[in-house]
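Subject: Structure for you to look at, with notes

Dear colleague,

Here is the structure I promised to hand over, with the sequence alongside it. My notes follow below, and I would be glad if you read them with the model open.

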Amino acid sequence: MVATSDRTVTVFGGTGFLGRRVVRHLREREFSVRIASRHPDRAHRLFGLDDPLLQSVEANIHDERSVADALAGAYGVVNAVSLYVERGRETFHSVHVESAQQVAAQAHRAAVERVAHVSGIGADAASQSLYVRKRGEGELAVRAAFADALVIRPAVMFGPDDAFLTTILKFLRQLPIYPMFGGGLTRLQPAYVEDVAEAIARALQGAEAHAITYECGGPRVYSYEEFLRAVANEAGLKRILIPIPFAAWHTLAWISEMLPSPPVTRNQVELMQVDNVCSPEMPGFGQLGISPRSVEEMLQQMLWSC
Ligand SMILES: NC(=O)c1ccc[n+]([C@@H]2O[C@H](COP(=O)([O-])OP(=O)(O)OC[C@H]3O[C@@H](n4cnc5c(N)ncnc54)[C@H](OP(=O)(O)O)[C@@H]3O)[C@@H](O)[C@H]2O)c1
């Protein structure tokens with residue numbers, strides 16, 4: 001039997017919000033992990049790299065040679081690369097479809113046994129939203145290149161240093177009147193990032209080597225307004241929530257995308273227009289033996305750190 005430490009998993013995007021947790025959960029399961037990103041020095045800062053079973057390599061998923069090098073000899077691969085704002089040649093199509101397909105195709109060529117592709121809840125190749133459509137097309141392209149690829153669709157994720165709950169908390173603290181996306185009716189099911197990372201590690205290690213799509217959502221479905229009230233309540237804040245039409249948010253996001261770190265993007269606004277909840281018939285945390293943690297449970301810890 002092969003020891004997991006003799007099995008290397010390459011994590012593209014292993015320095016990101018989700019990817020760095022995937023790296024840690026894979027290491028806890030005794031895998032060797034190769035962290036692949038464009039800025040390998042970030043991995044040094046994050047992980048120290050005094051662990052002989054952790055390696056950081058420079059790789060750009062648009063560059064075939066660097067993808068091939070990062071995959072050489074690997075048992076598994078996780079693609080946790082993101083793109084939230086299109087810039088120049090970095091488009092939703094190039095990252096989430098073309099390069100995702102390339103990673104899967106090269107994994108197949110390199111005889112990598114397990115591929116986990118991170119997508120998102122609601123991914124749909126027929127969607128009106130460019131971002132959601134490209135996530136859907138990406139899943140199809142990955143499966144066309146690697147038929148048994150696992151697809152992980154997280155709901156919106158929260159955790160220390162996230163761009164979601166931390167931002168909401170920051171603005172709830174600063175603004176006595178809080179502007180909501182639309183009427184606040186969109187449903188969401190936030191997942192704790194560590195639970196999603198554990199799900200990916202378990203799915204990769206699991207015996208089931210055929211194509212499965214896991215949808216990973218938290219234990220509770222909220223309307224956006226309920227969610228804001230729950231967060232404000234946990235933080236001990238009383239706030240007035242006012243609805244702002246989506247058309248106004250689109251204009252604001254369009255302007256904000258001109259900034260180097262946009263506080264709100266058009267794809268975020270589009271994502272807030274459709275429910276972000278798991279389909280009850282899809283496998284998820286339960287099938288992987290994980291009881292997902294709630295926002296209320298984790299928020300008290302996060303309140304200390306942000
Ligand atoms: N965050 C959420 O709430 C959420 C919800 C649902 C789904 N997801 C999905 O989960 C995945 C991870 O998201 P995240 O929020 O963790 O992203 P993130 O924090 O932005 O991290 C992205 C990672 O990808 C790397 N990367 C970006 N472009 C790359 C390229 N061309 N080649 C190689 N590496 C590249 C980045 O490192 P370098 O910049 O150094 O290369 C970084 O390590 C994405 O597929 C995202 O759509 C996220």
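Which residue in E2 is the bridge partner of phenylalanine 12? It is alanine 36, and I will come back to that pair below. Please keep in mind throughout that this is a predicted model, and that the values I quote were computed from it.

**Overall picture**

The protein has 11 helices and 13 strands, and its C-alpha trace spans about 60 × 40 × 35 Å along the principal axes. Buried residues make up 52% of the 306 residues, and of the contacts with a separation of 6 or more, 76% are between residues 24 or more positions apart. The protein exposes about 14200 Å², of which carbon and sulfur atoms supply 53%. As to charge, there are 30 positive and 34 negative side chains, and the centres of the two sets lie 4 Å apart.

Strand E2 covers residues 32-37, and six of its six residues are buried. Ser32, Arg34 and Ala36 point one way from the strand while Val33, Ile35 and Ser37 point the other way, and the residues of both sets are buried.

Helix H1, residues 19-28, contains valine 22, which is buried with a relative accessible area of 0%. Leaving aside neighbours within four places in sequence, valine 22 is in contact with Val11, Val78, Ala197 and Ile200. Valine 22 and glutamate 198 are 176 residues apart along the chain, yet their C-alpha atoms are separated by 6.8 Å.

**Strands E5, E6 and E11**

E5 and E6 pair in the parallel sense over three bridges, with isoleucine 152 in E6 as the bridge partner of valine 118. E6 and E11 also pair in the parallel sense, over four bridges, and here valine 151 has threonine 213 in E11 as its bridge partner.

Strand E6 takes in residues 150-154, and because five of its five residues are buried, the strand is largely enclosed by the rest of the structure. Leu150, Ile152 and Pro154 point one way from E6, and Val151 and Arg153 point the other way. Strand E11, residues 213-216, is likewise covered on both faces, with Thr213 and Glu215 buried on one side and Tyr214 and Cys216 buried on the other.

**Helix H8**

Leucine 228 lies in helix H8, residues 224-234, and at 0% relative accessibility it counts as buried. Not counting residues up to four places away in sequence, leucine 228 touches Ile168, Leu172, Tyr178, Met180 and Leu241.

Where does glutamate 30 lie? It is in the loop between H1 and E2, and its phi is near 70 degrees, a positive value in a residue other than glycine. Glutamate 30 is partly exposed, with a relative accessible area of 43%.

Alanine 111, in the loop between helix H4 (92-109) and strand E5 (114-118), also has a positive phi, of about 60 degrees, although it is not a glycine. Is alanine 111 buried or exposed? Its relative accessibility is 58%, and exposed means over 50%, so alanine 111 counts as exposed.

Proline 52 is in the loop between helix H2 (40-47) and strand E3 (54-58), and at 77% relative accessibility it also counts as exposed. The C-alpha atoms of proline 52 and valine 118, which are 66 residues apart along the chain, are separated by 26 Å.

With best wishes

How values were computed:
Residues are numbered from 1 along each chain as its sequence is written. This is a predicted model: local features need pLDDT of at least 70, side-chain atom pairs count only at pLDDT 80 or more; totals for chains, interfaces and linings use all residues. Side-chain values use heavy atoms; hydrogens and water are left out. Helices (H or I, at least four residues) and strands (E, at least two) are DSSP runs, numbered from the N terminus. Buried means under 20% relative accessible area, exposed over 50%, partly exposed in between (1.4 Å probe, protein chains only). Contact means heavy atoms within 4.5 Å. Accessible areas come from the Shrake-Rupley method with a 1.4 Å probe; for residues, only the protein chains shown count as cover. Lys and Arg count as positive and Asp and Glu as negative; His and the chain ends are not counted. The place of a charge is taken as NZ of Lys, CZ of Arg, CG of Asp or CD of Glu. Two strands pair if DSSP finds at least two bridges between them.
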